[in-house]
Each structure stands twice: as C-alpha cells, then as structure tokens.
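We will take a short walk from one selection to the next.

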Amino acid sequence: MNGIIDGIKWTYGFWDFEGHGNHRAKVVVKDASDYNRVFINWRRHEKHPERINPYIEFEDGTEVKDYYVNDNTNLRGDIVFKPECGVGVYYFYYYPYKKFEITGDFSKNHYTDIGFKFKGAPKLALKRNIPIAKCTEIQYRETKDHIGFNSFYPMEVTASKEEVEKILNYKEPFMTFFEDAQHPIKMKDFIPYRWLNKGPAKEASFNIRPGEIKAFQIGVYAHICDLTNVKVETPKGITCINTEGIDYKGEHFTKTINVPKGQVGALWFLAETQKDINDKIKIVTDKDTVIFKVSVKVKGSVCKDKGFDDMNSMSRLAWLNDQTGTEDIVPYPYKNVEFSKKGNAYVISILDRKIILNEFGLPKSITSRENELLADSILFDCGKCIKSDIKEKSHGNTFVLFVSKWETEEFKGITSTRIEFDGCVDVSIQTTSKKSQLKDNILLIPLRKEMSKYIMGYCKQGGYRTEDIDWKWNENQNSHKVWIGDADGGLYLDLRDTKDTFSMFYNSNFGNPLSWYNEGLGGSKVYEKGKKVFIKAYTGNRLFKKGQKTEFNFRLLITPFHKILPEHWSYIYTNSGTQKEGELVHFHHAQYEYPYINYPFFHLDRLKKKFDEYLKEYKGINIYNTIRELSCHAPEIWAFESLGDEIFEPEEWLIGKLHEWFLTQFGGNHPWILEHLNFRPHPEYVSSLYDGEVDITVATNGLSRLANFFVKGFEYGLKKLPHDGLYVDSTNTDRRSFKRLVQIMEKERGFHRINLHASNLFNNTCIKSSPALTYMEILPYISSLFFGEISEYDLSEDYWFVECSGVPFGLTGEELLCTHELNMYKGLLYAMTTSRAYENYGAMVKMQNEILAGSELIGYWDKNCPVKSNNEKVFVSCYKKEDILIIAVANFSDTQETFKLEFKDKGYKGLYMPKVEGFQGEGSFDIDSQFVVEHKKGFLFILK
C-alpha cells in the first residue's frame with residue numbers, strides 16, 4: 001500500500017499506538033536555528049480536523065511541546081514548531097489517542113490534547129522568514145499480522161475541491177466511477193485522489209472464470225443535486241446488492257437509495273455468468289438516467305468454490321442472498337407435522353404435543369406430554385360471531401398453515417395460523433371494521449391452574465407465579481413476552497408487530513407494535529380466577545373508522561420442546577483445549593488462529609491445523625461464532641456499510657440507561673471507527689489480541705441479509721474445517737437462522753450441537769428480560785445452555801428452575817463453570833454439566849463420566865420422583881441408571897439444615913456416598929440416617 005502524492009511517499013511504519021495513534025507524517029528538519037514551518041498534505045477525510053492537535057516527537061522519542069497549528073484542514077496542516085532536538089526526523093502524529101487500563105475501554109474523548117497550541121513566538125515567527133521543514137512521508141501504523149488495517153491509502157486519501165472540479169462534467173446529472181473489488185469505496189463526503197487519475201467512467205470490462213462470482217463497484221457522485229430514488233437495472237448475470245436481494249426470510253426485495261448532493265454512493269455488483277456479457281447497467285434517478293456499459297468475458301480455468309476461497313475477491317458478498325438450509329426437512333429429535341380435520345376443527349400433532357384449532361383458527365386445546373394447558377379456547381374478542389370457516393391452505397413436513405375467514409357484527413376478519421414442528425404457533429389476525437366504532441381488542445388465553453405453577457416475563461424474573469401482573473408497554477424494555485408453565489407443559493406468548501423484530505435489549509430498536517401498543521393504551525394482565533389463570537392482552541379503546549384494516553400478530557411456543565436428550569452428558573467442555581479432562585473444545589476468537597470475532601475465515605490454514613491437533617485428544621469442537629457484532633477486519637465491511645442501516649445498527653438505537661452502560665463498558669466508539677467509517681455505529685466489544693493489537697467490532701442487525709451471510713459462512717466453515725459444533729455468545733437473529741444452522745449441521749456432520757451463552761441483563765440494564773425469555777424462540781435448536789454472566793445463582797430453587805436450568809424447555813445448562821456464585825450442588829439437581837475449569841474440574845468430569853453418564857433425570861419437581869427430603873429447604877433429584885438410583889441433594893437455605901431422605905419404594909439397604917474431590921468425601925449410611933448439610937451445599941448418593 002505504497003504510493004506518491006504531492007511528492008510525498010505514502011507508506012507504513014512500526015510504532016506503539018499508545019499516545020500516538022495510527023497515523024503520522026515524517027518531517028525532515030535541516031536547519032534547527034529557528035522555529036520551523038511545515039506543510040503536511042495529509043489529505044484527511046476527518047469531518048472536524050481543526051479539533052485535533054498533533055502530537056510531535058523527535059526520532060529518539062523526545063516530545064516537542066513548543067508548536068503552533070496555524071491551519072488544520074482536510075487537505076493539509078500548516079504547523080510552526082521549535083526543533084529543540086536539532087536537525088533530523090520529527091514525527092507528527094495527527095490522530096493521537098490514549099487507551100485506558102481496562103481492556104476494551106477507550107476514552108470518550110478519543111483524541112486527547114496531548115500537545116498544546118503555543119500562543120507566543122510562533123505567531124511572530126510567521127511574520128519572518130523561518131526555515132521550512134519538509135514532509136517526506138505519510139505513514140500508517142502497520143502490524144505484522146494485520147496488514148494494511150490502519151491504512152488510508154489509496155481509497156481514503158482525499159482530492160481537494162479544486163482538483164475535483166477539473167474532472168467534473170456539469171452536463172451529466174451525476175458522475176460514475178468504476179472500481180474493482182480490491183479497492184472498496186470508503187468515503188462518502190470526498191472523492192479519493194485515486195479517481196483524479198482514473199477519471200470518471202461509463203464503461204468497464206473484465207474477465208471472469210467459469211463458476212466464479214466476481215464483485216465490482218460503480219461509484220455515483222452527486223455533484224449537481226441530490227439524487228433520490230436511485231434504481232439500478234442490470235443485465236442477466238449481474239445483480240446490484242444495494243438495490244435488490246433475497247432477505248433472511250427467503251423473499252426477494254428491491255429498494256431505492258438516495259445520494260445527497262456532494263456525496264458518493266457506492267454500488268456493489270456481483271457477476272455470475274457462464275456466457276460473455278456485452279450489455280449495459282442503467283442507473284436511474286428522479287432526475288435522469290446514466291448508461292454504464294459492461295463487458296464480461298468468461299475465460300480461464302474453472303473456479304472452485306466460486307471464488308470464496310479468495311477473501312479479498314469479495315465473492316462472499318453472494319452469501320448475503322444465499323438460502324442454504326431452508327429445505328423442508330425436520331431435524332432431530334422432532335417429527336413431521338401431522339394434521340387431520342374433526343368437524344369444524346383441525347387437530348395438529350407434533351413431537352409430544354397436540355393442538356386443536358377452532359373455526360376461528362385459534363387453539364381451543366393444547367396438550368404437552370398429554371397435559372392439557374388450556375382451560376378453554378383462546379379468544380380474540382371482536383364481538384359476537386355471525387359466521388366462520390377454516391381451511392388448510394398449505395403444508396409440508398415442517399409446517400401447516402390454516403386460514404380462517406370469519407365475521408362478527410362489528411368486524412370481518414381473516415386469521416392465518418402457522419404451526420411448525422418445534423411447537424411454534426404464529427397467528428396473524430387481520431380485521432376490517434364494518435362501522436365506525438370505539439373498541440378495545442382483547443386476546444384472552446385461559447390456562448389451567450395446575451399447569452401454571454411458574455412464570456417468567458412482563459418484567460418479572462422467573463419463579464413461582466405468586467401474584468397478579470399488570471403490565472404496560474415500555475420501549476426501553478424487552479419485556480413484552482411471558483411464559484407460564486411447569487416442567488411437563490407451558491405456554492409462551494409474544495405480542496408481535498407486523499414486521500419481524502428480535503432484540504436482545506429493547507423495543508425502541510423497532511418501535512412497539514402499533515396494533516397492540518395503541519399509543520400507550522395497550523398492555524397485558526396475568527391473573528388467577530377460580531381454577532383458571534388468564535393472560536389478557538388488551539389494546540385499550542381505539543376509534544375504528546368504517547373499512548379500517550388492522551393487523552394483530554402474536555406467537556405461541558409450546559414447551560418443553562423435547563425431552564432432555566441423553567447426549568447432554570457428553571457436553572463436557574474445555575476452553576480452547578486448556579483442560580485435558582474435557583471431551584469437547586470451546587474455541588474462542590481473539591487467538592492466533594482465530595483473531596477476529598465472528599469472522600473465522602482469515603487464517604483457515606492455521607485454524608485447520610489447530611483443530612486437527614485438538615481432534616487427536618478431544619471428541620469435537622464448538623467454534624465461537626454468532627450474529628451480534630462483526631469485526632472491523634472483515635473485508636466486506638465497506639460493502640456492508642454501503643447498504644445503509646441494513647447491516648449495522650446505528651448508535652441512536654442505544655438510549656437511556658443502556659446507552660450509559662455501553663459507554664461505561666466499551667467507552668463508546670473506538671478511534672479506528674471514527675477515523676474510517678462514515679457513521680457512528682452502536683459500539684461493541686474491543687478485544688485484546690495475542691500480539692498486543694485489538695479487534696474492534698460494530699453491532700449488527702441480525703434480521704437482515706447478514707443472517708444469510710452468517711448461515712452460509714458457517715456451512716463454508718464446516719466444509720473447510722473439522723469442527724462439528726457452534727458456540728453462540730448471545731444473538732440478535734431469530735429462529736429461522738437457527739433452523740437453517742441445524743439443517744446444515746445435520747447434512748454436513750450427521751447431527752447438530754449448538755451451545756448458547758448469554759448474560760442476564762434483567763437487573764443491570766433497564767430491559768427487564770432474562771436470557772431464557774429473550775432467546776425462547778431459538779431454544780428448540782439449542783443443545784445446551786450457559787447462562788453464566790450476571791445470573792443470580794444465589795436465588796431460590798424456582799429461579800434456578802425457570803431461569804437457569806433449561807429443564808422446562810427440554811434442555812440442560814452448563815452452570816458448573818460459572819464464576820458468579822458457583823454452586824455444583826444446586827446444579828446437579830438439574831443435570832447441569834461442567835463447561836470450563838475451576839478448582840476441581842477434573843474430579844467433576846470424572847463424576848459425570850463414571851457416575852452420571854447414561855442416566856435419566858427425575859427431578860424434585862416430578863411427582864414420580866422416588867426420593868424426597870423431609871425438609872422443604874433441602875431438595876432432592878434422582879438419576880435412574882440401569883439398576884441403580886443416584887440421588888442429588890442441595891440446600892437452598894442460608895443456614896445449615898438437617899434432613900432425612902424419604903423413599904417411595906421400600907427394600908433399599910443403604911446409601912453410598914462416592915468420593916468426589918472438592919465436592920464430598922466417601923461414606924456409607926443407613927437409609928434412615930439423618931444428615932446435616934451446610935448452606936448452599938449438598939451431597940451425591942448412590943442408592944444400594
């Protein structure tokens with residue numbers, strides 16, 4: 001990345017960024033007898049260059065404090081300074097910043113006033129003939145393993161207004177420039193100096209290999225006026241990702257873009273053809289149309305993997321529109337959807353669950369493990385029914401869709417109900433008002449009290465359902481969901497918008513759903529009446545005009561999704577191979593083989609070598625990868641930025657207390673982002689790397705084409721690397737992507753294993769939603785849970801059961817790695833496994849492998865549990881294994897407790913306590929023995 005502009009060499013150097021930053025000018029002083037003056041043509045695209053003072057050092061590291069910035073513009077700096085160290089080389093660091101001690105926390109004032117403006121002699125010096133120092137080089141800070149990451153050259157080196165004027169043609173409504181994929185268009189507010197020599201273009205020609213996907217760009221410069229409603233028409237074999245694509249739902253879409261006057265718009269194209277193309281691309285605006293001729297010749301050897309192996313080719317942009325993993329195939333352990341009609345109702349059967357729909361398309365019966373959940377039909381109140389009719393519209397192995405047309409005295413309506421194999425029931429109710437009226441629309445879900453023991457949601461942490469709830473919409477929270485149920489059956493309700501939303505944090509990202517929210521009048525109640533428990537969602541009174549159409553959407557999830565799978569006992573993880581006793585490896589980013597978060601494609605050779613080594617000792621590998629944030633090292637970042645707010649979340653989405661939390665945790669946006677990107681994204685993690693550098697990330701939108709990119713990228717990784725599992729560290733994409741991931745894993749590996757980690761943000765932010773509730777819709781595709789950070793493991797057994805264990809959803813957790821209130825004893829009540837090392841990791845792994853492996857959990861919540869405690873504060877779960885019974889005991893009280901075990905069956909001879917290092921000693925006891933258990937501790941017995 002070298003070049004010469006204005007007689008100055010653009011190149012690189014090596015230095016410590018602390019206090020210096022990533023950019024400097026090399027200035028040579030030949031006469032140190034007086035103040036020197038230097039003109040530095042740094043050609044910056046900083047919006048406010050005048051705000052940043054340089055930091056000046058002599059070549060030996062001595063700081064120069066005596067200087068005055070006479071002029072500081074985008075084109076150049078005019079600086080007077082005192083060369084106190086004599087003749088030689090001085091370095092002018094013109095984007096200095098300091099880093100705090102806390103990893104990942106950069107100062108809010110990224111560019112600190114390390115230098116100062118001298119107010120005396122330099123002003124006087126400008127009036128006399130002082131020596132002129134010469135800027136010979138502009139350098140970016142290079143790093144050995146992150147080549148070119150900090151460079152501005154050539155696509156962020158600006159041309160001056162005067163230079164740009166010379167190449168403009170005012171007869172054209174806008175100017176177009178051609179660029180290959182290796183030179184991403186990065187600036188919006190400036191023309192790159194590179195284009196002065198290349199000049200505007202209205203045609204381009206290039207070669208493409210058979211089977212290759214070729215990326216290229218056309219830059220549109222709006223030099224006369226705003227360009228609105230820009231559309232692009234392409235010939236067959238060429239697509240523009242900025243104006244059309246396939247969204248994450250598999251639906252084709254088109255969009256128009258705008259380019260404000262004085263700005264550059266980057267249009268990215270993908271060419272994939274087996275025949276030569278000699279055609280034109282039309283760029284159409286409200287003002288005029290420009291024809292861009294394109295000639296593509298197919299020649300050369302066949303391209304393997306369509307060019308995906310060449311990271312810098314940008315061929316992977318095709319992943320944005322990919323639909324891999326969307327086949328109509330039901331994954332393990334589920335079964336195909338079956339349905340039949342009985343009278344005016346339909347009966348739908350899925351794994352361990354059954355739904356009966358009434359003529360309105362709403363469930364009148366839901367059973368889970370043969371337990372009826374509903375006390376009566378679900379009701380959407382639109383008045384007294386006049387007529388109704390329900391029909392099956394479409395179906396496959398994975399779903400069935402019903403449409404019900406109905407009419408009341410007040411409304412006409414259509415209910416669409418889609419039921420999927422995993423227990424998801426999506427309902428859309430479209431109403432048309434037959435008259436002008438004032439109406440409160442109510443969704444009423446009557447549940448059987450016997451199946452409503454626990455609750456989670458509507459701003460309530462998971463636990464026993466002990467009180468009524470009156471909840472109102474709040475855009476600063478993510479609490480518009482509720483789950484009510486027990487281990488053998490439960491129901492989740494999500495009040496949804498007409499468009500898909502999925503947020504880890506709060507509703508303000510997308511806005512509250514207009515139909516349910518109703519300008520703040522809407523809300524929901526949970527209350528008990530007799531032997532029934534009701535969820536009542538209401539809109540409050542709304543004035544309907546005759547003929548007004550309104551749409552109400554909600555989602556139900558029927559839990560548990562499946563039984564606890566026996567293979568969960570093999571989910572014993574070691575973190576990056578640091579513990580030899582583990583069976584599976586969690587492999588994280590920020591390592592030599594995998595430096596950049598959520599982009600594991602940089603060093604596939606290193607990664608494959610590492611994974612091959614692991615598989616000599618371990619059974620499998622889960623690679624860390626998710627949608628939530630993306631490393632700024634990803635080559636596609638500039639193409640993604642050209643898509644506006646489709647891929648990246650803007651900083652404006654951070655509001656209130658959560659905004660303060662992110663600034664505290666991450667210090668706001670990293671200086672690299674401020675120096676390079678054209679927008680201020682929602683800040684995310686800054687990770688320290690193996691070589692002292694950092695990985696900088698920006699938040700992404702998981703309900704975008706990035707979901708396609710992520711899924712296809714994971715498949716690509718499975719084909720190139722020998723790992724067989726996925727470690728998801730929170731996510732902001734929905735269940736569609738996880739269904740696709742599962743399909744891909746089963747196709748490539750014959751099984752799937754996805755581990756979900758998430759922090760509990762219920763209390764330390766304002767969102768009031770815990771991970772189990774936030775991620776409920778993707779839990780059908782998760783193999784095991786690690787709800788570790790900030791989870792409140794010191795709370796009562798009902799919190800553990802609902803929030804931590806995964807049991808009500810057919811899952812288990814890996815709490816035994818947790819560093820926050822670590823409690824092995826409580827965890828064993830819920831079949832939790834060991835995930836990462838602590839003091840007695842090896843002993844715990846041995847216990848799981850030699851004692852618990854292959855056993856079936858019968859929890860204390862199960863009426864058929866064969867052993868109980870006579871102390872209500874001491875809980876007992878059992879594990880059935882062949883002809884033995886294993887008993888786990890834990891004390892949830894804050895004091896020492898005594899207890900005896902009570903057995904349903906008689907005839908047992910005694911209890912054996914196996915020795916487990918750091919957990920318990922060895923011993924043998926009579927079955928009627930009384931035990932003393934310390935607070936927050938417990939035992940493990942084997943029943944003879």
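What follows is a list of stops, each with something to select and a note on what is there.

**Before you start**

This is a predicted model, where local features need pLDDT of at least 70 and side-chain atom pairs count only at pLDDT 80 or more, while totals for chains, interfaces and linings use all residues. Residues are numbered from 1 along each chain as its sequence is written, and side-chain values use heavy atoms, with hydrogens and water left out.

**Stop 1: aromatic rings**

Colour Phe, Tyr and Trp. The structure holds 71 aromatic pairs. Rings of Phe, Tyr and Trp (its six-membered ring) pair if their centres lie within 6.5 Å; planes under 30 degrees apart count as stacked, over 60 as edge-to-face and the rest as tilted.

Select phenylalanine 81 and phenylalanine 92. Their ring centres are 5.1 Å apart and their planes stand at 80 degrees, so this pair is edge-to-face. The pair links distant parts of the chain, 11 residues apart: phenylalanine 81 is in strand β8 (residues 77-81) and phenylalanine 92 in strand β9 (residues 88-93). Helix and strand labels are DSSP runs numbered from the N terminus (helices H or I, at least four residues; strands E, at least two). Buried means under 20% relative accessible area, exposed over 50%, and partly exposed in between (1.4 Å probe, protein chains only).

Move on to phenylalanine 640 and phenylalanine 648. With centres 6.4 Å apart and planes at 65 degrees, this pair is edge-to-face. Phenylalanine 640 is buried at 1% relative accessibility, and phenylalanine 648 is buried at 2%. Now widen the selection: one aromatic cluster is formed by Phe308, Trp319, Tyr596, Tyr599, Phe601, Phe602, Phe640, Phe648, Phe709 and Tyr716.

**Stop 2: charges over rings**

Select arginine 418 with phenylalanine 399. The charged end of arginine 418 sits over the phenylalanine 399 ring, 4.1 Å from its centre. For this label, NZ of Lys or CZ of Arg must be within 6 Å of the ring centre and within 35 degrees of the ring normal. Then try arginine 606 with tyrosine 592, where the charged end of arginine 606 sits over the ring, 3.9 Å from its centre.

**Stop 3: two helices side by side**

Show helix α9 (residues 706-720) and helix α10 (residues 735-749). Their axes come within 10 Å and cross at roughly 15 degrees. That makes α9 roughly parallel to α10, a label for angles under 35 degrees, with over 145 counting as roughly antiparallel, 65 to 115 as roughly perpendicular and the rest as oblique. The axes are lines fitted to C-alpha atoms, for helices over the stretch in contact, and angles run from 0 to 180 degrees between N-to-C directions.

Show side chains next. Among the residues making the contact are Phe710, Val711, Phe714 and Leu718 of α9 and Leu741, Ile744 and Met745 of α10. Contact means heavy atoms within 4.5 Å.

**Stop 4: a covered helix**

Select helix α12 (residues 797-804). How many of its residues are buried? The helix is mostly covered, with 8 of its 8 residues buried. Its cover includes β33 (454-457), β34 (460-464), β36 (481-486), α11 (771-774), α13 (824-828) and β52 (874-881). After α12 comes glycine 806, whose phi is positive, near 85 degrees.

**Stop 5: two lysines**

Lysine 186 is in the loop between β11 (175-180) and α3 (194-198). At 17% relative accessibility, lysine 186 counts as buried. Leaving out residues up to four places away in sequence, lysine 186 touches Met155, Glu156, Trp638, Glu641 and Asn678.

Lysine 619, in the loop between α5 (604-614) and β43 (620-624), counts as exposed at 62% relative accessibility. With the sequence exclusion of up to four places, lysine 619 touches Glu583, Leu584 and Asp724.

**Stop 6: backbone details**

Zoom in on tyrosine 153 and proline 154, which are joined by a cis peptide bond with omega about 0 degrees. Another cis bond runs from threonine 559 to proline 560, with omega near -5 degrees.

Finish at aspartate 352, which has a positive phi of about 60 degrees although it is not a glycine. Aspartate 352 lies in the loop between β23 (345-350) and β24 (353-357) and is partly exposed, at 32% relative accessibility.
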